[in-house]
Amino acid sequence: MANTNNLTVVSGKAPAIVDPLTGSTNPNTAQILNVTGQGEVTVPTTLTEVQLGIQVDGKTATEVQQETAQRSTAVVDVLQKLGAQQLQTTSIQLNPVYNDNQTLTGFTGLNTLQFELPTARAGAAIDTAIQAGANLIQNISFTASDKALQQARLQVLSEAVKDAQAQAGAVFNTLKLTPEKIIDININSADNPSPSPLVFNATANAPRIATTPIIGSPQTIEGSVSLDIGYSPNSVATHNLTGASQPTFALVDPLTGRTNPNTAQILKVTGKGEVTVPTTLTEVQLGIQVDGKTATEVQEKTAQRSTAVVDVLQKLGAQQLQTTSIQLNPVYNDTQTLTGFTELNTLQFELPTARAGAAIDTAIQAGANLIQNISFTASDKALQQARLQVLSEAVKDAQAQAGAVFNTLKLTPGKIIDININSADNPSPSPLVFNVADKAFATGTRTPLIGGTQTIEGSVSLDIAYSPNSAGTLDLALNGLQRSA
């Protein structure tokens with residue numbers, strides 16, 4: 001088996017490269033494996049960025065401007081007292097309002113403020129700002145600290161190198177090749193991700209009483225590192241397409257019968273691998289939806305029920321628990337008369353599939369009443385093992401294809417001149433079609449959940465030199481190229 005532990009250092013002498021056209025050492029030609037490793041690190045977010053709006057409608061521009069300014073000042077004051085960072089005005093708008101007959105009916109003013117706070121304090125700050133006069137929540141997003149993001153970027157590169165080593169090892173071991181020098185390294189790291197947005201479109205015309213629970217979603221940093229690794233064969237055997245010990249050969253031009261130094265005899269083949277992995281984890285999105293006559297009534301009930309659901313999920317050991325959506329919207333009838341408000345808070349979490357059904361039922365008993373999404377995924381470890389197995393299967397498939405062609409054409413395989421690993425990324429979680437309201441759970445029965453499977457695919461491309469076994473073996477290939485007498 002090939003030793004892959006020395007892929008990051010120069011291990012002995014670089015392989016002598018013999019030009020298949022001339023039989024002499026060619027320093028400009030190398031037997032190289034090209035591989036790209038992927039790294040991914042999830043960083044917990046600790047900061048929340050918020051955009052609040054103060055919207056006022058009125059008959060005159062002066063009236064609207066004065067009230068907007070007063071309420072904006074009050075909101076700024078409370079945010080400053082709460083220690084809001086990066087506090088700034090991002091928008092000031094004053095616009096006329098016309099009816100269907102294009103008659104001026106009044107004016108609308110909108111001031112927008114943006115600030116940042118630790119996530120643990122953001123929910124209470126939003127509620128306090130709304131009590132002071134804000135009535136629109138235009139955007140909420142989560143971010144990690146600069147220090148945490150920088151550390152994660154460096155960790156991503158390390159993970160990408162390890163992934164490239166593992167992929168190369170799987171191919172080298174299958175082909176019985178010995179890795180040599182790392183000839184070239186390319187770092188393709190991604191920039192820091194943008195803050196993770198929360199779908200948040202809220203209006204309120206009265207003070208919010210209960211505190212809205214907000215749980216920040218993590219940020220994912222991705223990057224890749226590409227390696228070009230020289231290699232040499234372990235043995236002289238060539239029947240399995242792994243060796244390069246056959247004597248190099250001069251290439252004969254099929255049209256002239258003379259040696260042609262500019263054309264190589266190479267078979268190009270791509271093998272494919274596919275591995276199915278059982279899923280063991282379940283990702284769930286639960287919703288808490290409340291309808292009512294007033295924004296205050298709806299907000300209070302939603303906040304109370306959301307807090308109760310968060311509490312039970314935390315007690316059940318739910319992982320990756322986060323708020324993914326908060327919406328508070330007015331409801332109008334057919335005549336565009338305001339009839340009430342509806343609010344929807346969405347939470348997402350992950351649990352082993354064996355425990356997910358009971359967790360969903362418990363959360364619904366605590367106040368959740370919508371199941372918006374369920375999907376299944378395998379563990380990171382299982383997916384990584386499957387990716388390496390896929391590459392081994394792809395190499396075997398390429399060998400089998402090449403062997404069928406070489407045997408039919410009576411050709412002798414020579415060196416594997418180039419190897420390209422085209423591994424696929426981990427698949428997305430397998431979704432379950434699931435949209436159910438709380439009435440379906442009135443009987444109290446447990447929801448059975450059976451996870452599906454995930455399929456990992458990948459491919460490996462080989463360039464294999466070859467030579468004929470005896471004179472006249474290429475007659476079939478050459479007949480169509482002979483010139484007419």
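Helices (H or I, at least four residues) and strands (E, at least two) are DSSP runs, numbered from the N terminus, and the expected span of a helix is 1.5 Å times one less than its number of residues. Helix 2 (residues 119-132) has 14 residues and reaches 20 Å from its first C-alpha to its last, close to the 20 Å expected at 1.5 Å a residue. This is a predicted model, in which local features need a pLDDT of at least 70 and side-chain atom pairs count only at pLDDT 80 or more, while totals for chains, interfaces and linings use all residues. Residues are numbered from 1 along each chain as its sequence is written, and side-chain values use heavy atoms, with hydrogens and water left out.

**Confidence**

- The protein chain averages a pLDDT (the predictor's confidence in each residue, from 0 to 100) of 77, and 74% of the residues score at least 70.
- Confidence is highest in helix 1 (residues 61-81), at a mean of 93, and lowest in helix 7 (residues 475-478), at 40.
- Over residues 433-445 the pLDDT is below 50, and beyond near neighbours in sequence this stretch has 21 contacts (heavy atoms within 4.5 Å) in the model.
- The pLDDT also stays under 50 over residues 470-485, for which the model has seven contacts beyond four places in sequence.
- Where pLDDT is low, the predicted coordinates should not be read in detail.

**Nonpolar cores**

- A nonpolar core is a set of buried Ala, Val, Leu, Ile, Met, Phe, Trp, Tyr and Cys residues joined through side-chain atoms within 4.5 Å, where buried means under 20% relative accessible area, exposed over 50% and partly exposed in between (1.4 Å probe, protein chains only).
- The largest nonpolar core has 32 residues, of which Leu33, Val171, Ile419 and Leu462 touch the most other members.
- Among the elements that each supply at least two residues of this core are strand 1 (32-43), helix 3 (146-175), strand 8 (219-233), helix 6 (380-409), strand 14 (411-423) and strand 17 (453-468).
- Helix 3 gives the most to this core, with eight residues.
- Apart from this core lies another, of 24 residues, among them Ala318, Ala368, Ile371 and Leu449.
- Not counting residues up to four places away in sequence, Ile419 touches a set of residues that includes Leu33, Val171, Tyr231 and Leu462.

**Aromatic pairs**

- The structure holds two aromatic pairs, a pair being rings of Phe, Tyr and Trp (its six-membered ring) whose centres lie within 6.5 Å, with planes under 30 degrees apart counted as stacked, over 60 as edge-to-face and the rest as tilted.
- Phe172 and Tyr231 form a tilted pair, 5.9 Å centre to centre with 55° between the planes, and this pair links helix 3, which holds Phe172, to strand 8, which holds Tyr231, across 59 residues.
- Phe172 and Tyr231 are buried.
- The rings of Phe406 and Tyr466 have their centres 5.7 Å apart and their planes at 50°, so this pair is tilted as well.
- Phe406 lies in helix 6 and Tyr466 in strand 17, so the pair ties together parts that are 60 residues apart in sequence, and both Phe406 and Tyr466 are buried.

- The buried residues of helix 2 include Ala122, Ala125, Ile126, Asp127, Ala129 and Ile130.
- What covers the buried residues of helix 2 includes strand 2 (47-58), helix 1, strand 4 (104-118), strand 5 (136-143) and helix 4 (295-315).
- Helix 2 is followed by Gly133, whose phi is positive, near 140°.

**Individual residues**

- Arg355 lies in helix 5 (residues 353-366) and counts as partly exposed, at 43% relative accessibility.
- Not counting residues up to four places away in sequence, Arg355 touches Leu316 and Gly317, and a polar atom of the Arg355 side chain lies 2.6 Å from the backbone oxygen of Leu316.
- Arg355 and Leu449 are 94 residues apart in sequence and 8.8 Å apart in space, C-alpha to C-alpha.
- Ala166, which has its place in helix 3, is partly exposed at 24% relative accessibility, and leaving aside neighbours within four places in sequence, Ala166 is in contact with Gln384 and Leu388.
- Gln102, in the loop between strand 3 (85-98) and strand 4, has a positive phi of about 60° although it is not a glycine, and Gln102 counts as exposed at 59% relative accessibility.
- Lys176, in the loop between helix 3 and strand 6, has a positive phi of about 55° although it is not a glycine, and Lys176 is partly exposed, with a relative accessible area of 44%.

How values were computed
Polar contact = N/O pair within 3.5 Å; in protein donor to acceptor, adjacent residues only side chain to side chain.
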